[in-house]
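Please find below my note on the model, arranged as numbered points.

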Amino acid sequence: MRDLLMIPGPVDVDADVLQAMSGPVPGHLDAGFIATFGRALKRLREVSLAPGAQPFVVSGSGTLAMELAVANLIEPGDRALVVNTGYFSDRMAHILERHGAKVTHVRAASVGSAPEVAQVEAELRGGGFKLMTVTHVDTSTAVLAPVEPLVKAARQYGVLAVVDGVCATAGESFQQDAWGADVYLTASQKAVGVPPGLALLTVSTRALAAWKARKAPVASVYADWAEWLPVMEAYEAGKPAYFATPPTSLVCALDVSLGQILAEGMEARFERHRRMARAFRAAWSALGLRLVPTSEAVAANTLSAVYYPDGVDATLVGRVKAQGVAIAGGLHPEIKTRYFRVGHMNRVSAGDVLVTVGAIERALHAAGHRAFAPGTAVAAAQSALSG
């Protein structure tokens, strides 16, 4: 019997998604696969709530999705504003600088907080930025950025808005077209509910126009939209095309998972993630544990980042695994050894929440943290789920 996978990605995936990968490998120019890929592209647009956007599905990781955005929109000397909430905001800045951008950070006041929208607006008001990036949920801190007002502010000042949704897409509320985001990027292995291996983007017409107007060629051949756009357009039109061989089995899995997401309904799915997160937060409170996010307003619904209590260290992760549940240790370099992370996205159910909370309760008790009555956290989570 395998452990319950409750890390912040890759996540447990549905049996039908795995089934879609388990058949004979389809050829990338097979008529059936062309239809599947075309449908997946249309569904990705729907999941991002971006009817006017151009979807891209490319073999690679979330980091490639970040680079696919940056490489096409930044030219050497362009100014970029990074709304910085943690480890992956720093990674975005690194990619921007590698492509020649002059980067300005608006940093959170402390680890676990998000910059104030007014701070970001003040920088945007100064002018001169071509692009602003926001990490919707930073996987290192579980901080949820105030994406909607930030994206709308960027649009007000004529700045392209790139939103990193790797740990958010299909789990956190987001409306690309309505809010005016120019690129929403993600990866397959988190709330999208597919094994790792796909970089996913939905790109606005405004971003495509900025890309077409660039003076210098894109530095990376593999990341150049010029290579991928004809392929995406062809597959969506039901025609064969080729630049680099797509991971055909993964694309079949993506199509199934996106279909499941849309069948659940985006608002229902966002609410389910909020409900699971509320149950976990009730459990952390019952256990006397403190979250890395400094307030409820910036606490993500797709994962929890929780400080170890006094007297407990990173061996807790192994103790929880011994109870049959896999969780993750810390990632942010400033606090890496002081906290653990629990993913609760994609198909996570009320039963998964209760099993996970129970395992953590028992592991904490074994580690010497006994400032709670046994069963208290499970009861708190159950009450939140029933409310």
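**Notes on the sheet and helices**

1. Ser59 has Leu198 as its bridge partner in β10. Strands β2 and β10 run antiparallel and are joined by six bridges; two strands count as paired if DSSP finds at least two bridges between them. Helices (H or I, at least four residues) and strands (E, at least two) are DSSP runs, numbered from the N terminus.

2. This is a predicted model, in which local features need pLDDT of at least 70 and side-chain atom pairs count only at pLDDT 80 or more, while totals for chains, interfaces and linings use all residues. Residues are numbered from 1 along each chain as its sequence is written, and side-chain values use heavy atoms, with hydrogens and water left out.

3. The open sheet has seven strands, in the order β2-β10-β9-β8-β5-β3-β4, with mixed pairing. Its edge strands, β2 (54–59) and β4 (102–107), each pair on one side only. On average, neighbouring strands of this sheet are turned by 20° against each other, direction ignored.

4. How buried is β10? Six of its six residues are buried, where buried means under 20% relative accessible area (1.4 Å probe, protein chains only). Leu198, Leu200 and Thr202 point one way from β10, and Ala199, Leu201 and Val203 point the other way.

5. Strand β9 is joined to β10 by five bridges, and the two run antiparallel; Tyr184 has Thr202 as its bridge partner in β10. By contrast, β8 (residues 160–164) and β9 (residues 183–187) pair in the parallel sense over three bridges. Val183 in β9 is the bridge partner of Val162.

6. Helix α6 (residues 147–156) lies across β3 (79–84), β5 (129–135) and β8, running at about 175° to β5. Helix α8 (residues 205–212) lies across β2, β8, β9 and β10 (198–203), at about 115° to β8. Axes are lines fitted to C-alpha atoms, for helices over the stretch in contact (heavy atoms within 4.5 Å), and angles run from 0 to 180 degrees between N-to-C directions.

7. Helices α13 (residues 350–366) and α14 (residues 376–386) pack at an angle of about 160°, with their axes 8 Å apart. Helix α13 is therefore roughly antiparallel to α14, a term for angles over 145 degrees. Residues making the contact include Ala350, Val353 and Leu354 of α13 and Thr376, Ala377 and Val378 of α14.

How values were computed:
Buried means under 20% relative accessible area, exposed over 50%, partly exposed in between (1.4 Å probe, protein chains only). Angles under 35 degrees count as roughly parallel, over 145 as roughly antiparallel, 65 to 115 as roughly perpendicular and the rest as oblique.
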